[in-house]
Amino acid sequence: MESIRTEYASSPVAKALGLESSVSELESVLNSGSLNIKIDPGSVGKKNDARYSILLRTLYLANDSPNKWTLAHELVHADITLFTPGFFTPRRHEGAGYGYEKLANEVLSALHADPAPIASQGCKYKGLKAAWHGFWAKYAQPEQLGGGVYQPIRFKDINFTFDASDFRTVKRITTLGLSCSLAAQEINKIWEGNNCCYRVNCNATSSSLLEIAAGVNINDVFK
Ligand SMILES: [Zn+2]
């Protein structure tokens with residue numbers, strides 16, 4: 001889990017969106033003492049290198065260095081099972097697991113770095129606009145982020161597509177969430193520090209030449 005933190009250590013945007021605190025949350029589950037951990041390739045299955053059994057409250061690992069995103073995904077399941085009140089269907093369990101993985105692994109890396117790639121375009125209107133528009137063209141709606149697989153019963157795989165509720169759950173459990181307003185605030189701070197007059201915002205269109213809008217309607221859950 002430490003390697004996730006290191007990957008985004010220089011990113012004020014990732015920090016503002018809750019990456020660091022989400023890693024701490026998942027680490028606290030890992031170190032809580034309530035989680036059984038077993039190195040047991042046979043219980044993991046061939047496709048993965050980690051699996052969390054909700055029924056047995058046990059995290060099975062194929063080896064002692066599992067893929068960090070797989071581990072994070074499984075720790076979200078453990079966090080729900082051990083520390084989150086309320087009933088989660090298999091579909092909602094996986095929505096949270098895959099949702100966290102997607103945000104932390106892919107969406108954030110499209111925004112992160114020092115400074116953010118979107119801000120690293122230099123003070124050039126065209127480049128900044130293309131980057132900000134390009135990001136939101138890809139990530140403005142939960143369905144655009146893809147989805148995952150859940151098993152209503154063992155060995156029966158059903159594919160699903162994310163919805164807003166999945167990302168509300170990810171935020172509630174881990175504190176990580178995609179938020180246009182928080183990302184824009186951080187990017188604009190970097191720009192201000194660089195004496196650049198352009199500012200990004202979260203509207204679909206903009207009437208000012210200095211304001212660069214997202215270019216699309218952003219789902220409430222990502223606003
Ligand atoms: Zn899962």
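First, a word on terms: a helix axis here is a line fitted to C-alpha atoms over the stretch in contact, and the angles between N-to-C directions run from 0 to 180 degrees. Also, keep in mind that this is a predicted model.

Let's start with the whole chain. It has nine helices and seven strands. Along its principal axes, the C-alpha trace spans about 60 × 30 × 30 Å. What about the radius of gyration? For 223 residues, a compact globule would come out near 17 Å, and this chain has 19 Å, which agrees. Buried residues make up 37% of the 223. Now take the contacts with a separation of 6 or more. Of those, 59% join residues 24 or more positions apart.

Helix α3 covers residues 19–30, and helix α5 covers residues 68–83. Their axes come within 9 Å and cross at roughly 65°. That makes α3 roughly perpendicular to α5. The crossing is left-handed. Which residues meet there? From α3, we have E25, L26, V29 and L30. From α5, we have A72, L75, A78, D79, L82 and F83. By type, this contact divides into eight nonpolar, no polar and two charged residues.

Look at the spacing in those lists. An α-helix has 3.6 residues a turn, so residues three or four places apart point the same way.

Now the second pair. Helix α6 runs over residues 90–107. The axes of α5 and α6 come within 9 Å, and they cross at roughly 140°. These two helices are therefore oblique to each other. This crossing is right-handed. On the α5 side, the contact uses W69, A72, H73, V76, H77 and I80. On the α6 side, the residues are H93, A96, G97, Y98, Y100, E101, A104 and N105.

Last stop, helix α8, residues 164–174. Which of its residues are buried? They are D166, F167, T169, V170, K171, I173 and T174. And what covers them? The cover includes α3, α5 and α6. Just after α8 sits T175, with a positive phi of about 80°.

Terms used:
Residues numbered from 1 in each chain as written. Predicted model: local features only at pLDDT ≥ 70, side-chain atom pairs only at ≥ 80, totals over all residues. Helix = DSSP H or I, 4+ residues; strand = E, 2+ residues; numbered from the N terminus. Parallel < 35°, antiparallel > 145°, perpendicular 65-115°, else oblique. Left-handed = near helix turned anticlockwise from the far one by under 90°. Contact = placed C-beta atoms within 7 Å. Nonpolar A, V, L, I, M, F, W, Y, C, P; charged D, E, K, R; others polar. Rg over C-alpha atoms; globule rule 2.2 N^0.38 Å. Buried ≥ 20, exposed ≤ 12 C-beta atoms within 10 Å, placed from the backbone.
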